[in-house]
Amino acid sequence: MSSLIPSFLEGSIDFEGQRLADNLTYYFLTASGVFALAAGYFSNNISICVYIASLLFVFGFVLVVFPWPFYNQHPVKFLKP
């Protein structure tokens, strides 16, 4: 557990992790917007739509912005000089 905290605070992700974060951002925000719109439409309540969209946006923010360890599964090996 103690080795996870320094790697989490370091903030490094690899190129495949960047691609994964980009795809997660696009697909998750699209799906959460459609879900929030559908929930607001079927409940006839705009506040439910806004609350669900806000909650899913914050969840997506936490999922994508922080450098979670699964974003660094393919680290780049540099050549020694």
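Ring pairs link Phe 61, Phe 66 and Trp 68 into a cluster. Rings of Phe, Tyr and Trp (its six-membered ring) count as a pair if their centres lie within 6.5 Å. This is a predicted model, where local features need pLDDT of at least 70 and side-chain atom pairs count only at pLDDT 80 or more, while totals for chains, interfaces and linings use all residues. Residues are numbered from 1 along each chain as its sequence is written, and side-chain values use heavy atoms, with hydrogens and water left out.

**The overall picture**

- The protein chain has 3 helices and 0 strands, in the order α-α-α from the N terminus. Helices (H or I, at least four residues) and strands (E, at least two) are DSSP runs, numbered from the N terminus.
- Of the 81 residues in the protein chain, 12% are buried. Buried means under 20% relative accessible area, exposed means over 50%, and partly exposed is in between (1.4 Å probe, protein chains only).
- Accessible areas come from the Shrake-Rupley method with a 1.4 Å probe; for residues, only the protein chains shown count as cover.
- Take the contacts between residues at least 6 apart in sequence: 72% of them join residues at least 24 apart. Contact means heavy atoms within 4.5 Å.

**Aromatic pairs**

- Across the whole structure, a search finds 6 aromatic pairs.
- One of them joins Tyr 26 and Tyr 27, with 5.1 Å from centre to centre and 70° between the planes, an edge-to-face pair. Planes under 30 degrees apart count as stacked, over 60 as edge-to-face and the rest as tilted. Both Tyr 26 and Tyr 27 are exposed.
- Phe 28 and Phe 59 have ring centres 5.6 Å apart and planes at 55°, so this pair is tilted. Distant parts of the chain are linked here, as Phe 28 lies in helix 2 and Phe 59 in helix 3, 31 residues apart. Phe 28 is partly exposed, at 23% relative accessible area.

**Another look at helix 2**

- Thr 25 also belongs to helix 2, and its relative accessible area of 29% makes it partly exposed.
- Thr 25 and Leu 63 are 38 residues apart in sequence, with 8.7 Å between their C-alpha atoms in space.

**A nonpolar patch on the surface**

- Leu 29, Phe 57, Val 58, Phe 61, Val 62, Val 65 and Phe 66 together form a nonpolar surface patch with about 600 Å² of accessible area. Patches are made of residues with over 30% relative accessible area and no salt bridge: like charges are joined within 9 Å, nonpolar side chains (Val, Leu, Ile, Met, Phe, Trp, Tyr) within 5 Å.
- Helix 3 (residues 46–65) gives the most to this patch, with 5 residues.
- Val 65 sits in helix 3 and counts as partly exposed because its relative accessibility is 47%.

**Charged residues**

- The structure holds 1 salt bridge, meaning a side-chain nitrogen of Lys or Arg within 4 Å of a carboxyl oxygen of Asp or Glu.
- Glu 16 and Arg 19 form this salt bridge through their side chains (3.1 Å, N to O). About one helical turn separates the two, because they are 3 residues apart in helix 2 (residues 15–43).
- Asp 14 lies in the loop between helix 1 (4–10) and helix 2.
- Asp 14 is buried yet has no salt bridge, and Arg 19, the nearest side chain of opposite charge, is 9.1 Å away. Lys and Arg count as positive and Asp and Glu as negative; His and the chain ends are not counted.
- Leaving aside neighbours within four places in sequence, Asp 14 is in contact with Tyr 71, Asn 72, Gln 73, His 74 and Pro 75.
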